Amino acid sequence: MATYSTNQFKNGLKIILDNDPCSITENNVVKPGKGQAFNKIKARNLRTGRVLERTFKSTESVEAADVDEMNVEYLYSDGEYWHFMEPSSFEQYAADAIAVGETAKWIKGQEVCVMMLWNGEPLSITPPNFVELAVAQTDPGLKGDTAQGATKPATLETGSEVKVPLFIDEGDILKIDTRTGEYVSRA
Amino acid sequence: MSENNWRTQASNEILLERALMLKNIRAFFDDKNIVEVETPLLSHASTTDPHLDSLQSRFRGDVCYLNTSPEYAMKRLLAGWGKPIYQICKAFRDDELGANHNPEFTLLEWYRPGYNMQQLMAELADLVSVLCCSSDRAVGGISIMKKPTFDYISYQQAFERFVGINPHQATASECHQAALTNNVEIPQGLGTGDGELTGWMDWLLTQLVLPEFKKDGFTFLYDYPASQCALAKITLNENQMLVAKRFELFFGENELANGFHELTDPDEQLRRFKLENQTRQLLGKDCGNIDVNFLAALEHGLPDCSGVAMGLDRFLMVLTKTMDIKQVLSFSWNDA
């Protein structure tokens, strides 16, 4: 079992806390004068996203989390699992709804996503920063309405809803920023 | 390490405040005819303190060490000379990095032959008052610490009042119990064996005692448990308990200075060095290289004296009301 000592703690280090993989987001040494030092850390649980606070006696060791990242191509969803493929080995991975999370709103197939794996199992999927998706449904914009910045809702082919300018029609292909969930332009 | 961080992260006002602080410190000691000295930063010896680690360097391929404080060398001067001396120098400690720590930092350290702990605490309070009152002459109002206040509390009073235990008698499991009673988080790795007692004291100090200190004033904590004597003399207090004549100065919860009525007995010093090295081994650390020249100086005879070291970067944080040590350093570790 690989471990890290508290003197190896730094932001981004992946460790196991409460049996879950976590990423350290803050590490502070608490040291009363010449005495025993303690490491007070904040860490984000990579499965649930929750932030934990912990204190360790310095020189204590903590189990390392075997977390990897790789680029994978999205293939399809069978309703229960989302299937991805590593393009050089053709190895396929099935990610459940918890791992896919919000990413499901933005992918329809063939997108290259970043998959985080823990002990070889998909932990989280991050979509590309920009995706191109067709408009499935939107109300027609009112002719002559030229108000700057006016928007209307549109439903995309993946089922997610975004705010779009009034001139967008059904069937248009849109470029979306997945980090903000906002319309960027027509593709 | 980010690219192109060539500029200092400290403001011009803070750089000027540092220069003024150094000038004021030198004037304070000059007025009292205390001599400024310099001692080597690079040494054949390393610290034996279980909770400090010396940074290593090499000379002609042989390992040598950067000092964690100038204490041993200054006491060698004192043993030969017997006059009060002070030094402003850099000290280096491995694995210390955070809002209050930089691996390289500036220390003011001075020694007063013939002074006991109370006399040196009083002189430190004088210096702090002078520095606070004269801090913003040049730089225009970045400090508002005009009339500093000083509280004095013994380690025993502090623990009886804020933790509910007598620190000179408590065991590790009583400390553990006190943590539970007071709803204090239990750090991972802190057990209840005898070897963990000082770890518990340190933890309870940070969690229950220091938060009770006046937020915008200075507090002296003195008469430490004998188990935390470091290089201080051990004597009996008025309740016939063994206490170390050691003190620390805090501003709010932040430690600024550590002082001792100095141990002068070479046999006891050697015994403590060996004990500290045993503790280092238990912690899985390398033993410190004991400074034999320092022991020889004690054999020759160190005058009865008290000494104190104050972290000047942290003191500058107090003067300038900054919360991160990076803000008072020209270049902190990430940009050094």
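How are H1(B) and H3(B) oriented relative to each other? The points below take up this and other features of the model, which is predicted.

1. Helices H1 and H3 of chain B. H1(B) covers residues 12–31 and H3(B) covers residues 117–133; they pack at an angle of about 135°, with their axes 10 Å apart. The two helices are therefore oblique to each other. Their crossing is right-handed.

2. Residues between H1(B) and H3(B). H1(B) brings B:Met21, B:Asn24, B:Ile25 and B:Phe28 to the contact, and H3(B) brings B:Leu127, B:Val130 and B:Leu131. Sorted by class, the contact has six nonpolar residues, one polar residue and no charged residues.

3. Helices H5 and H6 of chain B.

4. Residues between H5(B) and H6(B). On the H5(B) side the contact is made by B:Ala172, B:Cys175, B:His176, B:Ala178 and B:Ala179, and on the H6(B) side by B:Leu197, B:Trp200, B:Met201 and B:Leu204. Eight of these residues are nonpolar, one is polar and none is charged.

5. Burial of H6(B). This helix is mostly covered, with 12 of its 13 residues buried. Among the buried residues are B:Trp200, B:Trp203, B:Leu204 and B:Leu205, and also B:Asp202, B:Thr206 and B:Gln207. The cover comes from both chains: it includes E3, strand E4 (38–45) and E5 of chain A, together with helix H4 (155–162), H5 and E8 of chain B.

6. The contact between the chains. Chain A puts 17 residues into the contact and chain B puts 26. In chain A, strand E3 (20–30) and strand E5 (51–57) each supply at least two residues of the side that touches chain B. E5(A) gives the most, with four residues. By class, this side of chain A has six nonpolar, seven polar and four charged residues.

7. Overall form of chain A. Chain A has one helix and 16 strands. Its radius of gyration is 22 Å, well over the 16 Å that the globule rule gives for 187 residues, so chain A is more spread out than a compact globule. The C-alpha trace of chain A spans about 75 × 40 × 25 Å along its principal axes.

8. Burial and contacts in chain A. Of the 187 residues in chain A, 29% are buried. Among contacts in chain A with a separation of 6 or more, 45% are between residues 24 or more positions apart.

9. A:Gln110. This residue is not a glycine, yet has a positive phi of about 80°. A:Gln110 sits in the loop between helix H1 (97–100) and strand E10 (112–118) of chain A. Is A:Gln110 buried or exposed? A residue with 12 or fewer other C-beta atoms within 10 Å counts as exposed; A:Gln110 has 9 and is therefore exposed.

10. B:Ala230. B:Ala230 belongs to the loop between strand E8 (218–225) and strand E9 (234–236) of chain B. B:Ala230 is partly exposed, with 18 other C-beta atoms within 10 Å.

Definitions and conventions
Residues numbered from 1 in each chain as written. Chains lettered and ligands numbered in written order. Predicted model: local features only at pLDDT ≥ 70, side-chain atom pairs only at ≥ 80, totals over all residues. Contact = placed C-beta atoms within 7 Å. Nonpolar A, V, L, I, M, F, W, Y, C, P; charged D, E, K, R; others polar. Rg over C-alpha atoms; globule rule 2.2 N^0.38 Å. Buried ≥ 20, exposed ≤ 12 C-beta atoms within 10 Å, placed from the backbone. Axes fitted to C-alpha atoms, helices over the stretch in contact; angles between N-to-C directions. Parallel < 35°, antiparallel > 145°, perpendicular 65-115°, else oblique. Left-handed = near helix turned anticlockwise from the far one by under 90°.
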